[in-house]
Amino acid sequence: MSTIFNKNELKNIFYILLGTICISISVVLFFIPHNFTTGGTPGAAILLHKLSDFSVGTMVIAINLPLLIWGMKYFGKLFALKTVITVALISIFIDFFSYTLNFDLLISNILVAAIFGGVIIGFGVGFIIKGNSSAGGSTIIAKIIASNSHIKPAQVILISDIIIVVSSIYVFKDFEKAVLSIMSIYTTAKAIDIVLTGTLTTKVIHITTSKPQELGEQITKRLGHEGTLIQGDALNKQDDKTLIFMVIDVKKLGELREIIEQTDKDAFMIVMEASEMLGRGH
């Protein structure tokens, strides 16, 4: 069992490393040279870099450090540790590539740079999520607000991205670049979906468990989601089983797997596509 765990963690480390490199290279090669921004922490760091003498990498740390301290209690210890490492790697790689990749514009067309840069950042964020980690920033804020209100995380992230885009108009004095930033954010979201699922961001989850209360409490506490319990019998009629039915955003799949592994290693989970939803269910 420990061998499987080690293999899984090595795979997670690889995903996190690959994701942080993708984000850093995209910021350095496409966004900084063209003087426009994207969403999330990288976008906010670029804006603060333009308003100060500090490097983009330093701004990544400055943005995330207070948020990580504030939101530590909302994350599991392992997830929080991975997030800290991820943020640190993004900061280090951005500054490293800024000093080492000293050549002219890789892509002179700013429209192509916005699309291509957004896609690479999306791949990076997707890989980080697959590694059961987070790139910090608006993700942390979204988790904190969602845990203390009925506001959905996606809404918080959307609002933060809007604030960044509007702020970029003031910083760069260019409305067209703000439009390009929106296009970049859109391609980033699509690229994340491709990495994680290929299409939809919402998944239907069926979990068969003999520990429904413990598992349900952990899911509600850490993910803020509710589900439906369905009682059932195993085919051999010897074991009582409970089916947990729920719908979650694909970005939370990694943490859900971690919760199941920690709470009930004998649980059985099925992930299905949600092609259409109606109503306000959780």
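**Reading a predicted model**

Modeller: Leaving aside neighbours within four places in sequence, His-206 is in contact with Leu-243, Ile-244, Phe-245, Phe-268, Met-269, Ile-270 and Met-272; contact means heavy atoms within 4.5 Å. This is a predicted model, in which local features need pLDDT of at least 70 and side-chain atom pairs count only at pLDDT 80 or more, while totals for chains, interfaces and linings use all residues. Residues are numbered from 1 along each chain as its sequence is written, and side-chain values use heavy atoms, with hydrogens and water left out.

Biologist: In which strand is His-206 found, and does His-206 count as buried or exposed?

Modeller: Buried means under 20% relative accessible area, exposed over 50%, and partly exposed in between (1.4 Å probe, protein chains only). His-206 is found in strand β1 (residues 202–209), and His-206 counts as buried because its relative accessibility is 18%. By contrast, Phe-54, in the loop between α2 and α3, is partly exposed at 49%.

Biologist: How many helices and strands does the protein chain have?

Modeller: Helices (H or I, at least four residues) and strands (E, at least two) are DSSP runs, numbered from the N terminus. The protein chain has 10 helices and 4 strands. Buried residues make up 47% of its 282 residues.

Biologist: How is the packing of two helices described?

Modeller: Two packed helices are described by the angle between their axes and the distance between the axes. Axes are lines fitted to C-alpha atoms, for helices over the stretch in contact, and angles run from 0 to 180 degrees between N-to-C directions. Here, helix α2 (residues 40–51) and helix α7 (residues 153–172) pack at about 25°, with their axes 10 Å apart. Residues in the contact include Gly-40, Ala-44 and Leu-47 of α2, and Asp-161, Ile-164 and Phe-172 of α7.
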